[in-house]
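The following note sets out points for a colleague examining this entry.

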Amino acid sequence: MTEEIQFYLSEAEESMDKAVQHTNSELTKIRAGKASPAMVEDLRVDYYGTPTPVSQVANVTAPDARTLLIKPWEKNMLGEINKAIKNSDLNLNPQQEADAIRLNIPALTEERRRDLVKQVKNETENGKISIRNIRKDVNDSLRKLQKEGTSEDAVRDAEAKVQKLTDAHIVKVDELLSKKEAEIMTI
């Protein structure tokens with residue numbers, strides 16, 4: 001097999017791995033009834049005029065399964081973090097203490113669980129779409145190589161390998177889906 005084909009195959013595998021990792025990171029942001037510091041990962045606070053991730057101005061911990069504790073490194077950030085939480089789409093009510101903010105995570109209702117499962121399915125479908133787009137791009141590149149003189153058999157073999165990579169990575173995304181779905185539906 002030519003070096004160019006090998007390059008495209010390794011590039012495809014790397015890109016598909018990244019797509020699976022991205023899907024996994026998006027799924028960790030969807031709360032499953034348990035408190036996780038990842039829930040506030042995208043929350044931005046106004047730090048002296050600059051929107052800054054909360055993790056860069058405070059320590060975020062989960063002391064138990066239903067509580068998040070946010071301890072800012074500077075006391076004057078308590079109000080900014082409180083405001084950012086209230087303005088976010090987290091639907092959580094922050095409780096300000098002397099030097100920290102406590103977020104109590106309410107138990108999920110059955111309806112909310114179903115909504116979260118829909119959101120998870122949507123996110124995993126996006127992951128599958130990106131994997132299939134990578135397959136399409138690589139196959140297009142392989143066909144260009146064939147037009148430039150690479151043998152038809154070598155390109156056909158490479159396309160089969162790309163399909164195997166695609167199938168394997170879609171199975172990984174499906175595993176992420178079933179794991180997250182079980183996590184959400186478990187009371």
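1. Across the whole structure, which is a predicted model, a search finds 13 salt bridges. The points below take up several of these and then turn to the packing of the helices.

2. Arg102 is partly exposed, its relative accessible area being 25%. Glu97 is likewise partly exposed, with a relative accessible area of 32%.

3. A salt bridge is also formed by the side chains of Asp174 and Lys128, again described by an N to O distance of 2.6 Å. This pair links distant parts of the chain, since Asp174 lies in helix α4 (residues 152-185) and Lys128 in helix α3, 46 residues apart. Are the two partners buried or exposed? Asp174 has a relative accessibility of 30% and therefore counts as partly exposed. Lys128, with a relative accessible area of 15%, falls under the 20% limit and is therefore buried.

4. Within helix α4, Glu152 and Arg156 lie four residues apart, about one turn of the helix. They form a salt bridge in which the closest N and O atoms are 2.8 Å apart. Glu152 is partly exposed at a relative accessible area of 47%, and Arg156 counts as partly exposed at 45% relative accessibility.

5. Salt bridges also occur as a network, which links Lys136, Asp140, Arg143 and Glu159. A reader inspecting the charged side chains may wish to view these four residues together.

6. Two packed helices are described by the angle between their axes and the distance between the axes. For helix α1 (residues 3-28) and helix α3 (residues 110-147), the axes come within 9 Å and cross at roughly 170°. An angle over 145 degrees counts as roughly antiparallel, and α1 and α3 are therefore roughly antiparallel to each other. On the α1 side the contact includes Glu4, Ile5, Tyr8, Ala12, Ser15 and Met16. Among the contributors from α3 are Val120, Glu123, Thr124, Gly127, Ser130 and Ile131. The residues of this contact divide into 13 nonpolar, six polar and four charged.

7. The residues of the contact of α3 with α4 comprise 14 nonpolar, six polar and twelve charged.

8. The axes of α1 and α4 come within 10 Å and cross at roughly 10°. Angles under 35 degrees count as roughly parallel, so α1 is roughly parallel to α4. From α1, the residues making the contact include Ile5, Leu9, Ala12, Glu13, Met16 and Asp17. From α4, they include Ala154, Val155, Ala158, Lys161, Val162 and Leu165. This contact has 13 nonpolar, five polar and five charged residues.

9. Arg135 is found in helix α3 and is one of the α3 residues in the contact with α1. Its relative accessible area of 22% makes Arg135 partly exposed. Which residues does Arg135 contact, neighbours within four places in sequence being left aside? These are Met16, Val162, Gln163 and Thr166. Of these, Gln163 is 28 residues from Arg135 in sequence, and the C-alpha to C-alpha distance between the two is 7.2 Å. Met16 belongs to the α1 residues listed for the contact with α3, and also to those listed for the contact with α4.

10. Asn82 has its place in helix α2 (residues 78-87). At 10% relative accessibility, Asn82 counts as buried, because the limit for that class is under 20%. A polar contact of 2.7 Å joins the side chain of Asn82 to that of Gln96. Once neighbours within four places in sequence are left aside, Asn82 is in contact with Pro94, Gln96 and Ile101.

Methods: Residues numbered from 1 in each chain as written. Predicted model: local features only at pLDDT ≥ 70, side-chain atom pairs only at ≥ 80, totals over all residues. Heavy atoms only, no water. Axes fitted to C-alpha atoms, helices over the stretch in contact; angles between N-to-C directions. Helix = DSSP H or I, 4+ residues; strand = E, 2+ residues; numbered from the N terminus. Parallel < 35°, antiparallel > 145°, perpendicular 65-115°, else oblique. Contact = heavy atoms within 4.5 Å. Nonpolar A, V, L, I, M, F, W, Y, C, P; charged D, E, K, R; others polar. Buried < 20%, exposed > 50% of the residue type's maximum accessible area, 1.4 Å probe, protein only. Polar contact = N/O pair within 3.5 Å; in protein donor to acceptor, adjacent residues only side chain to side chain.
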